[in-house]
Amino acid sequence: MRYASVTDRLADLGGAKWAVHARARALKAAGEPIIELTIGEPDVATPEPMLEAAAQSMRAGRTGYSNGRGEPALVAALAARYSARRGREIGRDQIMCLPGTQTTLYAILRTLVEAGDEVLLGDPMYATYEGLISQTGATMVPVPLRPEHGFRMQVADVAARITPRTRVLFLNTPHNPTGAVLRAEDIRALGDLARAHDLWILSDEVYEDLVFPGVPFTSPLDFAELADRVVVASSISKSHAAPGFRSGWCVGPAEFCARLLPLSETMLFGSQPFIADMTALAVSEPSPVAAGMAERFARRAALIAQQLSGVNGLYVHRPEAGMFALVDVRATGLSGEAFALGLLDRQQVAVMPGESFGAGLSGWLRLSLTQPDELVIEATNRIAAHAAGLLGNAA
């Protein structure tokens, strides 16, 4: 039988990147006491007022069809939120609501690029980004994000990779997996480059509310001169500890949203009204859980650095936001994947191999910060012991 070529393009870009996590979950289900530091599940429950809002909405009959743009109350709430945060008027015709950031990014890229186009993307990158680009037929062009620059994208590295086929500069700030946060000067320089080459700027900002204390956040939407070329994607998954509700959105030029609307209607013909009602409540006021998560994740990142930096050849990159810390294990002579598999089998600690997030993290690990402090400390002790064993064997 014949299949569409997209299935070949995505064949190696799906679940294989999560193999260590899947193995850990299987061991845990079999009764093994695994310390799981793999995926970015919030460490708190979805706030009760949001659950009650969804329940009341369902009981009130808000379970019918919606529309391709989003429920009017949610669209209005998002327009007000972004107008207040970005310091300029964001109209309702600049908002589109979709189920979660992943679906939103899929639809955005479908609207902006196709076969023959190129998308510039920082490496390392979130594990699904390559597939999101490949599904369109466009080509991903990796831009190195270097540890010596705090993994913040450098304009010279971007400029060196622009060709006549480049259409989109894909940003992720705060960044997953590195936790880097682009500064205003970074975005201004990247924006000038995008204007000079007529590029779109796509910015995934799902971790905006999980910036660590004292770290400033800037969005490309803050710059009025970039308004005609910036599209931002986000959701309530991280900020409001609601990943299972799949409620996301994008903000962009009105013409872009008008172009995206028929695609959204073709894909979904609307999200669930009761989830939209819950989301409208969520985005109309500060998250009751985000600040606490940011404080805890910052503390745990500091714990990991304290426990592991300089121990048995290991190095820890401390994040500025988000749910993860990075550990460089190259001194052991193993890849991140080999180290992670050995760590799981011998020490019962599950972490993500850096290779799941691009070539730029070969020989690194990504550790989730969502477990309690005592488990994080225990996990770091086991990681150090595993590294010591490897170095001892090598000697």
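This is a predicted model: local features need pLDDT of at least 70, side-chain atom pairs count only at pLDDT 80 or more; totals for chains, interfaces and linings use all residues.
The lining of the largest cavity divides into 10 nonpolar, 3 polar and 1 charged residues; here Ala, Val, Leu, Ile, Met, Phe, Trp, Tyr, Cys and Pro count as nonpolar, Asp, Glu, Lys and Arg as charged, and the others, Gly among them, as polar. Residues are numbered from 1 along each chain as its sequence is written, and side-chain values use heavy atoms, with hydrogens and water left out.

A cavity, on a 1 Å grid over the protein atoms alone, is a set of points where a 1.4 Å probe fits but cannot get out, and lining residues have an atom within 4 Å of a point. Grid points are joined across faces, edges and corners, and a volume is the space filled by probe spheres set on the points. Searching the whole structure gives 3 cavities of 30 Å³ or more.

The largest cavity holds about 110 Å³ of space. Its lining has 14 residues, and Leu145, Met153, Leu171, Asn172 and His175 are the closest to the centre. Strand 3 (118-123) and strand 5 (166-172) are the elements that give two or more residues to this lining, and strand 5 gives the most, with 3 residues. Helices (H or I, at least four residues) and strands (E, at least two) are DSSP runs, numbered from the N terminus.

The second largest cavity has about 80 Å³ of space. Of its 13 lining residues, Leu74, Cys97, Ser247, Ser271 and Ala276 lie nearest the centre. Strand 2 (95-98) and helix 10 each supply at least two residues of that lining, whose residues divide into 5 nonpolar, 6 polar and 2 charged.

Helix 10 (residues 273-283) also packs against helix 3 (residues 48-59): their axes come within 8 Å and cross at roughly 145 degrees. Axes are lines fitted to C-alpha atoms, for helices over the stretch in contact, and angles run from 0 to 180 degrees between N-to-C directions. In this pair, Pro49, Met50, Ala53, Ala54, Ser57 and Met58 of helix 3 meet Pro273, Phe274, Asp277, Met278, Leu281 and Ala282 of helix 10, contact meaning heavy atoms within 4.5 Å. By class, this contact has 10 nonpolar, 1 polar and 1 charged residues.

I turn now to the pockets. A pocket is an open set of points with protein on both sides within 12 Å along at least five of seven lines. Which residues lie nearest the centre of the largest pocket? They are Gly40, Tyr126, Tyr207, Lys238 and Arg246, from a lining of 22 residues. This pocket contains about 490 Å³ of space, and its lining comprises 9 nonpolar, 8 polar and 5 charged residues. Helix 5 (residues 100-112) contributes the largest share of that lining, 3 residues.

The lining consists of Thr111, Leu112, Trp200, Asp228, Pro253, Glu255, Phe256 and Arg259, with helix 9 giving the most, 3 residues. By class, that lining has 4 nonpolar, 1 polar and 3 charged residues.
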